[in-house]
Amino acid sequence: MVCNFTPVPRRNFLVGVPIRGFWREILNSDAHEYGGTGWGNQGGVESVPVGADGHLQSVNLSLPPLSTIMLRWEAHG
């Protein structure tokens, strides 16, 4: 879960993740169904081998202003 408590959108926000693979966006409080703009990560992001937050993998996120994003790892195949 990642929260942006500022009124400023954050592009290219790097967050470390413990597992390599696809991270599905299961909640975006800025989604249209919640009355938001729909700005986000288009359903999910693939991790990259860049270390961050003590992990060897990370995801590069777009965080809408004043929002919460929740991601879940999905196994491939």
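Student: Which residues does S47 touch, not counting residues up to four places away in sequence?
Tutor: This is a predicted model. Contact here means heavy atoms within 4.5 Å. With residues up to four places away left out, S47 touches V17, I19, R20, G21, W23, Q57, S58 and V59.

Student: Is S47 buried or exposed?
Tutor: Buried means under 20% relative accessible area. S47 has a relative accessible area of 9%, so it is buried.

Student: Which side chain makes a polar contact with the side chain of S47?
Tutor: Q57 is among the residues that S47 touches. The polar contact between the two side chains is 2.9 Å. The partner of S47 is Q57.

Student: Now N28. Which strand holds N28?
Tutor: The strand in question spans residues 22–28. N28 is found in strand β3.

Student: What is the relative accessible area of N28?
Tutor: The cut-off for buried is under 20%. N28 is buried, because its relative accessible area is 6%.

Student: Which backbone nitrogen lies 2.8 Å from a polar atom of the N28 side chain?
Tutor: Start with the wider surroundings. Not counting residues up to four places away in sequence, N28 touches Y34, W39, G40, P64, T68 and I69. The backbone nitrogen at 2.8 Å from the side chain of N28 belongs to D30.

Student: Zoom out. In what order do the elements run from the N terminus?
Tutor: The protein has zero helices and six strands. From the N terminus on, the order is β-β-β-β-β-β.

Student: What share of contacts between residues at least 6 apart in sequence joins residues at least 24 apart?
Tutor: Take the contacts in the protein between residues at least 6 apart in sequence. Those that join residues at least 24 apart make up 67%.

Student: What is the radius of gyration of the protein?
Tutor: The C-alpha atoms fill a box of roughly 35 × 25 × 15 Å along the principal axes. A compact globule with 77 residues would have a radius of gyration near 11 Å. The value for the protein agrees with that: 12 Å.

Conventions: Residues numbered from 1 in each chain as written. Predicted model: local features only at pLDDT ≥ 70, side-chain atom pairs only at ≥ 80, totals over all residues. Heavy atoms only, no water. Helix = DSSP H or I, 4+ residues; strand = E, 2+ residues; numbered from the N terminus. Rg over C-alpha atoms; globule rule 2.2 N^0.38 Å. Buried < 20%, exposed > 50% of the residue type's maximum accessible area, 1.4 Å probe, protein only. Polar contact = N/O pair within 3.5 Å; in protein donor to acceptor, adjacent residues only side chain to side chain.
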